Amino acid sequence: MKAKIKAIIFDMDGVLVDAKEWHYESLNSALSHFGFSPISRKDHLEVYDGLPTKEKLKIHPHTMNLDEEFLGNINKLKQEFLAKIVENKCTPSLLHHRTLQELKKEGYKLAVCSNAIRPSVELLLSKTNLLPYIDFFLSNQDVVYPKPHPEIYLKAIKKLGVRSEAVLICEDNIKGITAAKESGSNVLEIGTIYDVTYENIKHTVLKIEKGEAAQVSKAPVRTAKLSEMIGGWFVGNFSPSILTSEIFEVAVKTYKAGDYEGWHVHRVSSEITVILEGQAEMDGKILGDGDIILLEPGYGTSFRALTDLKTVVVKTPSIANDKYFERDKDTNLSRYKNINF
């Protein structure tokens, strides 16, 4: 497809704001409040991700037969939980400010199309200070059929006053990509919010205008520095990361001889540690180069670096605040015990 790109449309969650986990947590909190089973991470990723909350409730086995008023109450509570999370965690991104600012300077029309409700979209754009760069935004309340139906993108394209082949849409999940593709637009598939850079978008625009890009293009190979990551963690459901994943997280950890970490345990995640270089003591055992340790949920250990040490750590799934130290044993962790190797 060879065309002059005049407008760029962004999805919200997973593209401009890393809010997927916030939506997941707030909906499960609302379900639990009403006594319903939460959505598992597996089902979330395979079935629910990218759908509006009202559509999720219509297919959830415990809520699908409830009347509209009850579903509305669950949805309302979910939005209240979400608003609290956004107020506490959502902050501006210099990367996205620069991206949208540069695109705006060059004369591109910019819009946002989200499967979230209007107040959520406006709140997120306000908290990130991106509203001044956006010509307009559309939510699931502005259409009859949400993504994966292309209605929201077709409506935005009409409002932008351009042809679909003159539009580049930035999307991150299969439902959104399907909607964008069926609108007839060009699509840039986003892996993480860190792919939404001025350079990546301009690179894709130039390829489209030269006739060198397919309708759906992936963001160019991304790079990052381990030194820019927090605590060595570079994959997982957190920021910064080279890849956002709810399924697992990965870190390269380095320690000085004598570094010590007290007894700790994970309630949900399993943790695998590979010792690349050096020696460590865990649960009274001396471990060295090439040893692999598995800590399953509910089994704890302490850790001491006997020499300078380098390890690779993998945890699954990637869940924030799932690490409990010995001081917590007197609360509700009495069933946990040390692992035997």
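Let's start with Trp22: leaving aside its neighbours within four places in sequence, Trp22 is in contact with Val17, Leu82, Ile85, Val86, Lys89, Cys90 and Leu124. Contact here means heavy atoms within 4.5 Å.

Before I go on, a word on the source: this is a predicted model, in which local features need pLDDT of at least 70 and side-chain atom pairs count only at pLDDT 80 or more, while totals for chains, interfaces and linings use all residues. Residues are numbered from 1 along each chain as its sequence is written, and side-chain values use heavy atoms, with hydrogens and water left out.

Now, where does Trp22 belong? Together with Ile8, Phe10, Leu16, Val112 and Ile201, Trp22 touches the most other members of the largest nonpolar core, which has 37 residues. By nonpolar core I mean a set of buried Ala, Val, Leu, Ile, Met, Phe, Trp, Tyr and Cys residues joined through side-chain atoms within 4.5 Å. Buried is under 20% relative accessible area, exposed is over 50%, and partly exposed is in between, with a 1.4 Å probe and protein chains only. The elements giving two or more residues to this core are β1, α4 (68-89), α5 (94-105), β2, α6 (118-127), β4 and α9 (198-209). Helix α9 gives the most, with four residues. There is also a second, separate core of 20 residues, and Ala7, Val143, Ala156 and Leu160 are among its members.

For the element names, helices (H or I, at least four residues) and strands (E, at least two) are DSSP runs, numbered from the N terminus. The chain has nine helices and 17 strands. Of its 341 residues, 49% count as buried.

Next, please look at α1 (residues 20-33) against α4. How do their axes cross? They come within 8 Å and cross at roughly 135 degrees. These axes are lines fitted to C-alpha atoms, for helices over the stretch in contact, and angles run from 0 to 180 degrees between N-to-C directions. The two helices are therefore oblique to each other; under 35 degrees would count as roughly parallel, over 145 as roughly antiparallel, and 65 to 115 as roughly perpendicular, with the rest oblique. On the α1 side, the residues that meet α4 include Trp22, Leu27 and Leu31, and on the α4 side they include Leu82, Ile85 and Val86. The residues of this contact divide into ten nonpolar, four polar and three charged. In that count, Ala, Val, Leu, Ile, Met, Phe, Trp, Tyr, Cys and Pro are nonpolar, Asp, Glu, Lys and Arg are charged, and the others, Gly among them, are polar.

Let's move on to helix α7, residues 151-160. Which of its residues are buried? Glu151, Ile152, Tyr153, Ala156, Ile157 and Leu160 are. Their cover includes β1 (7-10), β2 (109-113), β3 (136-138), β4 (167-171) and α8 (174-182). After α7 comes Gly161, with a positive phi near 75 degrees.

Asn237 sits in the loop between β7 (233-235) and β8 (249-255), and counts as buried at 16% relative accessibility. Beyond its neighbours within four places in sequence, Asn237 is in contact with Glu21, Thr244, Ser245, Glu246 and Ser318.

Finally, Glu281 lies in strand β11 (residues 280-282) and is partly exposed, at 29% relative accessible area. Leaving aside neighbours within four places in sequence, Glu281 is in contact with Ile286, Ser302, Phe303, Arg304 and Leu306.
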